[in-house]
Structures are given as C-alpha cells and as structure tokens.
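Please examine the sequence and the structure displayed below before reading on. The briefing that follows is grouped by topic and is intended for a reader new to structural description.

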Amino acid sequence: MDDFNTEKYIEQRLQQAMAFLEPLQPGFIDILTSPKKSTVVNFPIQMDDQSVQVFRGFRVLHSHVNGPGKGGIRYSPNLTYAEIAALAALMTWKCALINVPFSGAKGGVCCDTKSLSDNELRHITRRFISELGDDIGPHTDIPAPDLYTNERTMGWIYDTYDVMHPGRNNRPVVTGKAIDLGGSLGRQLATGQGCLYATLRFIERIKPVGISSLKDRTVAIQGYGNVGSSVARLFQQEGAKIVGISDSQGGIYAENGLDLDALDEYKSKNRTVVGLAETMSITNEDLLELECDILIPAATSHQVTSENADRVKASMVIEAGNAPVTPSANQVLSEKGIIVLPDILMNAGGVTVSYYEWVQNIENQQWSLAEVNQKLNNKMIKATDAVIDKWLSLNENLPLRQEDDNAPQAVDLHTAALVVALNRLLSTIEERGIWP
Ligand code: NAD
C-alpha cells in the first residue's frame, strides 16, 4: 500500500475509526473532512543581498466546532496545501481528545530556515502575518510553534498582530511565546512532559511485555528539536538510557547512553548531533531500526512506513511527532506485538499548555510551574485512560477472528484514540445544530 502522503493518511485513519463510531447522521462526517477556511498567500521579501524573492504561505482553519482554531506554524521548503490541511484536521482530533476548547488549524511558509538570515526570517514572519490579517485572532485562530519555528518566531507574530490591532490585549493571539511576552511556565517542555505523563500511565495500565518502568530501558529518538530534546531529558530523568538520537543531518549511537549535557553543547556549536565525541555515526534509517526498547519518532511525518516497519526492533513506538507511523506500518508493528502510542495523545501536551497560556493571557495571570504541570498531568492521565478504556472495550466486542475470515483485526490504540475524539466532535456538532 502506498501511504507516503499526509492527506491520504488522514483518509485512512478516518476510515479505520468510522467502523466503530456511533451511528452517524448522513453528511455529519463530511463536516469533519472538509476544512472550514483555507488561505494561501504569496508575498515578496527583499533579501539581505537586495534581491527579491516570493514566498508562499498557508493557513488552514479546519473546524470551528469546538472553539477557535489552534495549531502550529511550520517553516519548511517542501510544504504543500494538502499537508497543511491534513495536519489541521489532526489538530481538531487532538484538541477533542485532550479536551481543550479549541478546534484544529495549521499554517506554514515554504522556506528553508537554514539558508535564511535572522533578518530575512523576521521579514518573512511579519509579512506572512500581515497577509493573514484577521484570519488569525485571539478568539478565531491562534498559532503556535511547530517545525523550524520557535518562541522567537511567536514573539514576532505577537508583535506584528499587536501593531495591527492597537489598544487591546493581544497576548492570546499566539502561544509558545517567551515568558516576558506572556508565555507560560512549562510551555517549552510541555510536549515532552505530556508525552512522559501519558507513557507512564500506559506502562502502569497496559503493562507492555518487558517494560514495567522506564528505568534502564533503552530509547532511540528521531529528531532533536523542541520535542525530541525535551523527551530525551525527561525520559532520562526517569532512568531511561538514551542510546540513539538523530536530526536532519544523521544520527549518533552510544551503547551505554548519551551524555545529554555534552550533546546540547555540541549541537549548539555545530547545529547537528552528528560527530559528538564517543558516539558512533549512524543514518536516520539505522536509528529507526536500532536494537532498543522504545523508539520515539519526534521529527517529520511518515518515517515508519510499510517499507521499513518490519525492521523495527523496539517493543514500543511512541509517536511524539505528528503522523510518523503510517496506518499500514502500524498494522505491521501491531502484528509483531509492538505497541504504538498514538500522536494525537502523545504530543497533546503542547496544545494543552498552549491552552493554559491562552487562559493566563486572557486573565493576565501567571501560574506557577507546579500548577501548570499538575494540570497537565491530570489532563494527560484522563485522556490516556479514555483511550485505554475505549481500546479495551472495542477489542472485547470484536467478533472472534478465524484464520481466513474478514472479521476486523484487533483494534489499535490509534483507532481507539480517534474514536474517542470523533464521538466527542460529532455529539458537539449535533448539540450545536446546523446553522441556520
Ligand atoms: P523542531 O523544528 O524544533 O525540531 C525538528 C527536529 O527534527 C530537528 O532536530 C530536525 O533536525 C529534525 N529532523 C527534520 N527532518 C528530519 C529527518 N528527516 N530525520 C531526522 N530528523 C529530522 O520541531 P519540533 O517542534 O520539535 O516538532 C517535531 C514534531 O513534533 C513535528 O512533527 C511537529 O509537528 C510535532 N509537534 C510539535 C509540538 C511542539 O510543541 N513543538 C507539539 C506537537 C507536535
């Protein structure tokens, strides 16, 4: 099956979940498959060498069913509208599953941050946000960081929007800001922290074979940006041994575990993890196939596919990035007894603390780190329990499968998570009613 396509990925995931949804009013599911509003802009930027380049940007508001749109802005040279629209749908599912009052959105600009100066990046960000105009706003659509954007980018977004809308509190227009601009304590590590809380709950409740805690478990992480680096730190603090890490340049391996302080220092000087002393260089493909207990893809989509799933050796795969495991790869892994913990739950800590930042901005409050993490832990545990309960009940109710019949296979955790999210969304649509 060719599944190397984010748009198709969304379709396949929906198909899998639809078999288990409460009976639907015809047409309802179409509301959740059609993006509510899409904006495509092309804009010129004068580069440092005075040449002029045109950049393309997208913002897709997938839904308004559950509240304002919420979703990251990513910078990447090969972005497409279809990919952004699919990722916006994923955000709608994620917000419903974690139960924050937002719907999904996503945006981005086609550009290669590695070849741009800070000045050019600032110009691109400001111009993009001015082109979006009132497509974003504190109560309509609220961006956040994503691939190759960070709190500095969010600061420029806030400042641009604030200049365009003077005289009111505009801090809630964007989350993932620096603390001085109204960012929340705990937002920087939130995606990793949420991933850790959910992982610990899964281990406690489903007791995966060979993994009774994180202590001494070997972990390989693909991607060493915001999500990958925070997951590495937090899992190591729980006693896990991080044996492999990669970034876009390649990977490194150390049988006895990596020294993360040395790695951070090396990466900030060399802009890659590759070449750190006392490590063996490996490729990104090798990293996914490492002999380890837990594999955590925390970079781009479609990394474990039907082509390489058979060579994954970990006992558990945690989707910390968005859509790193394709549905067909998920099936191969499940058949091998490898548990896949689904992205819409495992990286929902980011949007959860973004929601806390938004609330603090509206109320002009600053919560303590302990308060943020306590609230985050409660949310992650509640959502994880909902997924596990649904997964257990769906599998209990499956007809017994004979060797050669077409009865459905065991339901995976991804499908269970999506069923929880879609049932919530569909009942919200029903209760709101179709306007007019
Ligand atoms: P980031 O830009 O901070 O880091 C991305 C990392 O991935 C970098 O180390 C980069 O070198 C690496 N990378 C890129 N392409 C790669 C490849 N082909 N192989 C290996 N490594 C590669 O991005 P991030 O914010 O850490 O986001 C990572 C993933 O998590 C994305 O899928 C994003 O959508 C998702 N996510 C992020 C957040 C958040 O709060 N930042 C929240 C939820 C989900």
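A82 is partly exposed, because its relative accessible area is 25%, and a residue counts as buried under 20% and as exposed over 50%. This residue lies in helix α3, which covers residues 81-98. The model discussed here is a predicted one.

**Separation in sequence and in space**

- A82 and E7 stand 75 residues apart in sequence, and their C-alpha atoms are 6.0 Å apart in space.
- L214 and L61 are 153 residues apart in sequence, and the distance between their C-alpha atoms is 38 Å.
- Across the chain, 69% of the contacts between residues at least 6 apart in sequence join residues at least 24 apart.

**The chain as a whole**

- The chain contains 14 helices and twelve strands.
- For 436 residues, a compact globule would have a radius of gyration near 22 Å; the chain has 21 Å, and so the two values agree.
- Taken along the principal axes, the box filled by the C-alpha atoms is roughly 65 × 65 × 45 Å.
- Of the 436 residues in the chain, 56% are buried.
- The chain exposes about 18600 Å², and carbon and sulfur atoms supply 49% of this area.
- There are 39 positive and 53 negative side chains in the chain, and the centres of these two sets lie 5 Å apart.

**Strands β3 and β4**

- Strand β3, residues 69-75, is mostly covered, with seven of its seven residues buried.
- Strand β3 runs parallel to strand β4, residues 103-109, and five bridges join the two.
- Within this pairing, I73 has G107 in β4 as its bridge partner.

- Strand β7 (residues 241-247) and strand β8 (residues 250-253) run antiparallel and are joined by four bridges.
- These two strands, β7 and β8, form a hairpin, with two residues between them.
- Strand β8 also pairs with strand β9 (residues 280-282), in the antiparallel sense and over three bridges.
- The bridge partner of I252 in β9 is S281.

**S246, a residue of strand β7**

- S246 lies in strand β7 and stands opposite G251 in β8.
- S246 counts as buried because its relative accessibility is 0%.
- Apart from neighbours within four places in sequence, S246 is in contact with I221, Q222, G223, Y224, G251, V273, N284 and L287.

- L214 is found in the loop between α6 (190-206) and β6 (218-222).
- Leaving aside neighbours within four places in sequence, the contacts of L214 include L196, T199, L200 and I203.
- Also in contact with L214 are F235, E238, G239, A240 and I294.

**Backbone features that stand out**

- Most residues other than glycine have a negative phi, and most peptide bonds are trans.
- Q50 is not a glycine, yet its phi is positive, at about 75°.
- Q50 has its place in the loop between β1 (37-46) and β2 (52-61).
- With a relative accessible area of 54%, Q50 is exposed.
- H302, also a residue other than glycine, has a positive phi near 55°.
- H302 is found in the loop between β10 (294-297) and β11 (316-318).
- With a relative accessible area of 6%, H302 is buried, whereas Q50 is exposed.
- Which peptide bond is cis, with omega near 10°? The bond from W435 to P436 is cis.
- P436 has its place in the segment after α14 (413-432).

Notes. Residues are numbered from 1 along each chain as its sequence is written. This is a predicted model: local features need pLDDT of at least 70, side-chain atom pairs count only at pLDDT 80 or more; totals for chains, interfaces and linings use all residues. Side-chain values use heavy atoms; hydrogens and water are left out. Two strands pair if DSSP finds at least two bridges between them. The radius of gyration is taken over C-alpha atoms; the globule rule is 2.2 Å times the number of residues to the power 0.38. Buried means under 20% relative accessible area, exposed over 50%, partly exposed in between (1.4 Å probe, protein chains only). Contact means heavy atoms within 4.5 Å. Accessible areas come from the Shrake-Rupley method with a 1.4 Å probe; for residues, only the protein chains shown count as cover. Lys and Arg count as positive and Asp and Glu as negative; His and the chain ends are not counted. The place of a charge is taken as NZ of Lys, CZ of Arg, CG of Asp or CD of Glu.
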